[in-house]
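Dear colleague,

I am handing over the structure that we spoke about, with the sequence beside it. Please look through it first, and then read the notes that follow.

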Number of protein chains: 2
Amino acid sequence: MKATILTIGNEILKGRTVNTNFSHIGHVLTFAGYEVFRGLVVRDDPSEIAWGITQATGFSDLVVTSGGLGPTFDDMSVKAIADALGIPLETNADALRMIREKYSAQNLELTPERMKMAMLPRNAEAIANPVGTAPGVFFNYRGVSILILPGVPSEMKAILESMIPRIRIPTVHYYEESVVLHGIMESAFAPVVADEMKKAGGSVYIKSHPSSAELSHSVLEIEVSGTAQDDATAVKVVRATLESIKKRHQEMLNKK
Amino acid sequence: MKATILTIGNEILKGRTVNTNFSHIGHVLTFAGYEVFRGLVVRDDPSEIAWGITQATGFSDLVVTSGGLGPTFDDMSVKAIADALGIPLETNADALRMIREKYSAQNLELTPERMKMAMLPRNAEAIANPVGTAPGVFFNYRGVSILILPGVPSEMKAILESMIPRIRIPTVHYYEESVVLHGIMESAFAPVVADEMKKAGGSVYIKSHPSSAELSHSVLEIEVSGTAQDDATAVKVVRATLESIKKRHQEMLNKK
């Protein structure tokens with residue numbers, strides 16, 4: 001199952017904000033059994049959000065968006081997404097209740113800016129936001145699940161966490177483990193990586209991350225990941241490959 | 001002028017690596033006068049890289065990619081980009097010289113994995129990598145400038161830095177400044193933000209970043225950015241808006 005992450009916000013494109021939401025969502029979805037297929041980042045602009053959601057729904061089983069759910073003029077994700085998909089917006093009774101409860105607990109009135117957060121696509125589900133005010137939004141569009149999350153990291157994380165039991169793929173178990181190898185350059189170790197991938201016949205993926213410049217003292221992190229139908233098998237195939245890699249690394253050092 | 005950032009790497013999609021390259025490139029391009037228009041993240045897969053570069057060249061004046069330039073099997077960016085754009089690869093004399101010098105300085109031979117880094121699109125320019133071995137790649141494709149950078153942050157930064165004088169737009173000067181406001185909720189301040197944007201008539205953009213939950217003690221960072229034909233004007237319009245915002249914030253606090 002393929003997932004796409006769509007992050008919305010000029011501050012990300014301008015490099016003002018590091019897109020940690022993206023990596024958090026990617027991590028959660030990977031361990032929930034998805035192949036995180038593509039990532040898109042778009043501006044706070046209805047036509048850009050429309051481009052993003054149209055693209056994303058075209059190549060995904062699940063689209064998770066983050067950003068643009070709050071009360072300001074540039075929080076336009078829900079409306080832009082609904083408009084792009086041709087779904088009417090209407091006041092969602094659950095969302096309105098959630099928002100009203102939050103503000104009235106502090107004796108605050110429901111201004112138009114606050115009411116806006118209760119306008120959801122027809123038939124969408126409002127997902128409680130335990131940290132902030134804007135609820136998450138979850139709905140199905142032509143077989144694609146769409147989960148719309150706020151951009152404030154604590155709110156995004158809390159809502160996503162609450163959705164894991166509902167979106168996780170029970171038959172896909174992901175595992176990854178890394179080893180850090182010293183004294184061998186990435187270019188010298190490249191044939192081993194290619195060979196071990198081939199040996200594993202598609203059951204694992206190996207990626208090397210040089211954490212120092214190739215030509216000074218070489219530090220190479222080798223990450224092995226795999227998916228299987230159960231946790232134990234995933235761990236087993238990943239560890240077997242890691243052991244083989246460590247052995248071959250030692251042999252190369254001995255030869256030097 | 002529109003710029004698109006294309007980052008390549010499974011580790012980013014899986015959330016293993018936070019995409020700090022993206023924010024660094026976004027920041028540099030914004031201050032170089034570009035509107036950073038969209039961001040794309042794709043897997044280490046030739047067809048995915050082809051999708052990314054084809055999309056990006058369709059809506060940009062400048063495309064900057066990062067990731068996939070090294071010596072391992074999954075470092076396939078240059079070949080995949082060249083193939084997608086229909087440009088033949090050939091050994092680039094400058095690139096070969098750069099790579100040979102680096103390895104021969106350490107008495108290391110030019111293996112096929114290392115030679116691969118000298119295979120560049122025809123007529124592309126090899127950009128010296130002062131930190132690592134894989135040169136950057138710069139070329140023009142149907143009016144779109146394409147800059148291909150490594151994924152190792154120190155190498156990416158060094159090559160991008162060296163390119164700034166050549167890619168910066170001399171007539172566009174960008175400035176941004178922020179102020180942190182306490183005690184006013186984002187939803188309460190939203191009308192002020194909208195009004196100040198309107199008053200400035202498109203010369204500035206204002207974005208509010210709540211750094212605490214809306215309903216506890218409110219901390220709101222207001223970021224004002226603008227572009228002008230020279231630095232002094234950009235600073236002036238941004239600061240004038242900021243002053244107005246601070247004044248109105250004070251008035252709201254006084255009324256409370």
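**Notes on the contact between the chains**

The contact draws 66 residues from chain A and 66 residues from chain B. Please keep in mind throughout that this is a predicted model, and that the values below are computed from it.

On the symmetry, chain A is superposed on chain B by a rotation of 180° with 0.0 Å of shift along its axis, and the RMSD of that superposition is 0.0 Å. The two copies are therefore related as by a two-fold rotation axis. The same surface serves both copies, since 100% of the contact residues of chain A recur in chain B. Among the residues of chain A, the one that comes closest to the rotation axis is A:Leu40, whose C-alpha lies at 2.4 Å.

On the side of chain A that touches chain B, the residues divide into 28 nonpolar, 19 polar and 19 charged.

Side chains of opposite charge can pair when their charged atoms come close. The count between chain A and chain B is 14 salt bridges, and one of them is formed by B:Glu48 with A:Arg38, where the closest N and O atoms are 2.7 Å apart.

Over all chains, the structure holds 34 salt bridges. One within chain A brings together the side chains of A:Glu90 and A:Arg122, at 2.9 Å from N to O. This pair links distant parts of the chain, 32 residues apart, with A:Glu90 in strand S4 (residues 89-91) and A:Arg122 in the loop between strand S5 (119-121) and strand S6 (125-127).

Methods. Residues are numbered from 1 along each chain as its sequence is written. Chains are lettered from A and ligands numbered from 1 in the order in which they are written. This is a predicted model: local features need pLDDT of at least 70, side-chain atom pairs count only at pLDDT 80 or more; totals for chains, interfaces and linings use all residues. Side-chain values use heavy atoms; hydrogens and water are left out. Copies are superposed by least squares on the C-alpha atoms of residues with pLDDT of at least 70 in both. Contact means heavy atoms within 4.5 Å. A salt bridge is a side-chain nitrogen of Lys or Arg within 4 Å of a carboxyl oxygen of Asp or Glu. Ala, Val, Leu, Ile, Met, Phe, Trp, Tyr, Cys and Pro count as nonpolar, Asp, Glu, Lys and Arg as charged, and the others, Gly among them, as polar. Helices (H or I, at least four residues) and strands (E, at least two) are DSSP runs, numbered from the N terminus.
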